[in-house]
Amino acid sequence: MRFRPEPSAVDLAIEEEHAPLALSNSQTEEKVKELLKCLRLTGENVLRVGDIFSQEMENGINDQPSTLLMENTYIPELLNGTETGDFLALDLGGTNFRILLISLQNENVVREEVMQYHISDDLRLGEGEVLFDYLADCLYDFVHKCGVASRRLVMGFTFSFPMHQRSLNCGVLIKWTKSFAATNVEGQDVVKMLGEAIKRKGGIDVDIIAILNDTTGTLLQGCRLDHECGIGLILGTGSNACYMERAERVSHWEAERHGEKEVIIDIEWGAFGDGGLLDFIRTDFDKQVDTNSLFANSFTFEKYISGKYLGELVRLILVNLANHRLIFNGILSKKMQQIDSFTTNYVSHVEKDNVDNTICETDTVLKGFNLDYNEDDIQVVKYVCEVVSIRAALLVSTCLAEVIKRMNRDSVTVAVDGSLYKHHPRFKHWMLKFVEILAPRHKFQLMLAEDGSGKGAGLAAAVAQRLRDSYCHNSK
Ligand code: GLC
């Protein structure tokens, strides 16, 4: 039987985190509260989301229709400490595109070269082959600058988009997300596309032996720091998680099997709830975020929780409140009316004021918007950021609690990375509190595992190389 706390206990935990709104004008105060009520989750709704998520995980792992991909990554083991050598890593999917060269010696990174490359909007949104040619150009530049161009190198490729993996080095892009929409890539194996681009470029010898998602990279990086690590979680521009699953539970396995006991499963929870499953928590503000996004009607869950959307959600709420003449004297500046002008980073800044009980950060943020505002407006902005942030933290915690319950280990460490987690002053605190309420029988820790998407690709290449060697050895 799955443990399910009393809804009232969850309600209480949520209530404790919401500070009351106190404005000089009580009528405005009531109206603001009323308009934002729809964003405050009840314990019952939180538990319902958890039940649905758990069922969706079960459907996905059994290859049944589900809004969670539950993708087999074909990585059956974490690092075992024997991995040694130089590994290239390519990281595409977040705000930046990076290439790394890491030298491993018994699990320790003894040398690391990193270079960051800019990807213009033209490349993100243009022809796919041109994008991959650019990646190959950067790789060529990087290996030459690092002085390793004459060597044959193995590489891990972090590609943080929903993909269907056929093996450890075959990943078919299902759908672009975040700010990428290059043409003629969806439905293609991106390892093959990159491999071909590298060949077209010539002059370097790179073998892409592993493709992975940033959550997988974060889990691998986390396991280097803590051997109890079993979950990788990203809370950044996008959001997603992966975990170690028992191999016998995994129906989908296209590559050859080698008696694996476990395997990392990439949940892909960004699209959780697509198609109406989570409509009972969807507000008009969420619908507006969706309509304004690059990918309408998809990635429903990500739009409630991730860095790409939280700021925009806050902005739309503020615009709505101003239209009701409840803030800013009813007058909006041009900037405030611009899509995406209120970034999630601003939300984190405003949240600092909520922690410290001050107004200076919010004041600075609002100054940049060219608005006429007073002390009450500042309080409302702080309130909106809190409500939106608590909802996001609750939803993330609900899913995380379900993963922890599913793994059922004595103790599990969750490796976390991403700008939202790193910069939001209260996200971690809320996650610790909410997950404990939702999965009280399980011990867990949250551990920051920075740069998992970068280094993790190198680590995945190292694991892949070790597995390849052992399979070859066993077949001799
Ligand atoms: C998006 C991608 C997913 C990635 C996440 C975090 O949700 O689809 O693959 O893990 O962003 O970057």
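Mentor: Ala, Val, Leu, Ile, Met, Phe, Trp, Tyr, Cys and Pro count as nonpolar, Asp, Glu, Lys and Arg as charged, and the others, Gly among them, as polar. By this scheme the shell around the ligand divides into four nonpolar, six polar and four charged residues. The structure is a predicted model, in which local features need pLDDT of at least 70 and side-chain atom pairs pLDDT 80 or more, while totals for chains, interfaces and linings use all residues. Residues are numbered from 1 along each chain as its sequence is written, and side-chain values use heavy atoms, with hydrogens and water left out.

Trainee: How many residues surround the ligand, and which are the closest?

Mentor: There are 14, and the closest are Lys178, Asn213, Asp214, Glu268 and Glu302. A residue is near the molecule if one of its heavy atoms lies within 4 Å of it.

Trainee: Why is threonine 300 called buried?

Mentor: Buried means under 20% relative accessible area, exposed over 50%, and partly exposed in between (1.4 Å probe, protein chains only). Threonine 300 has 12%, and therefore counts as buried. Threonine 300 belongs to the loop between α8 (284-292) and α9 (302-305), and its side chain makes a polar contact of 2.4 Å with that of aspartate 274.

Trainee: Why does aspartate 51 count as partly exposed?

Mentor: Its relative accessibility is 27%, which places aspartate 51 in the intermediate class. Aspartate 51 is in helix α3; helices are DSSP runs (H or I, at least four residues), numbered from the N terminus. Leaving aside neighbours within four places in sequence, aspartate 51 is in contact, meaning heavy atoms within 4.5 Å, with Arg2 and Arg4.

Trainee: What makes aspartate 290 buried?

Mentor: Aspartate 290, in helix α8, has a relative accessible area of 5%, so it counts as buried.

Trainee: How do you know on which side of α1 its buried residues lie?

Mentor: In α1 (residues 7-17), the buried residues are Pro7, Val10, Ala13, Ile14 and Glu17. They cover an arc of only 125 degrees around the axis, so they are on the same side of α1; the arc is that of the directions from the helix axis to the C-beta atoms. Ser8, Leu12 and Glu16 are exposed on the other side of α1. The buried residues of α1 pack against α3 (43-61), α13 (375-407) and α15 (427-438).

Trainee: Which residues of α2 are buried, and what arc do they cover?

Mentor: They are Thr28, Glu29, Val32 and Leu36, in a helix of residues 26-36. Their arc is only 105 degrees, which puts them on the same side of α2. Those residues pack against α10 (307-323) and α13.

Trainee: What caps the N-terminal end of α2?

Mentor: Asparagine 25 does, with a side-chain oxygen 2.9 Å from the backbone nitrogen of glutamine 27.

How values were computed:
Helix = DSSP H or I, 4+ residues; strand = E, 2+ residues; numbered from the N terminus. Polar contact = N/O pair within 3.5 Å; in protein donor to acceptor, adjacent residues only side chain to side chain.
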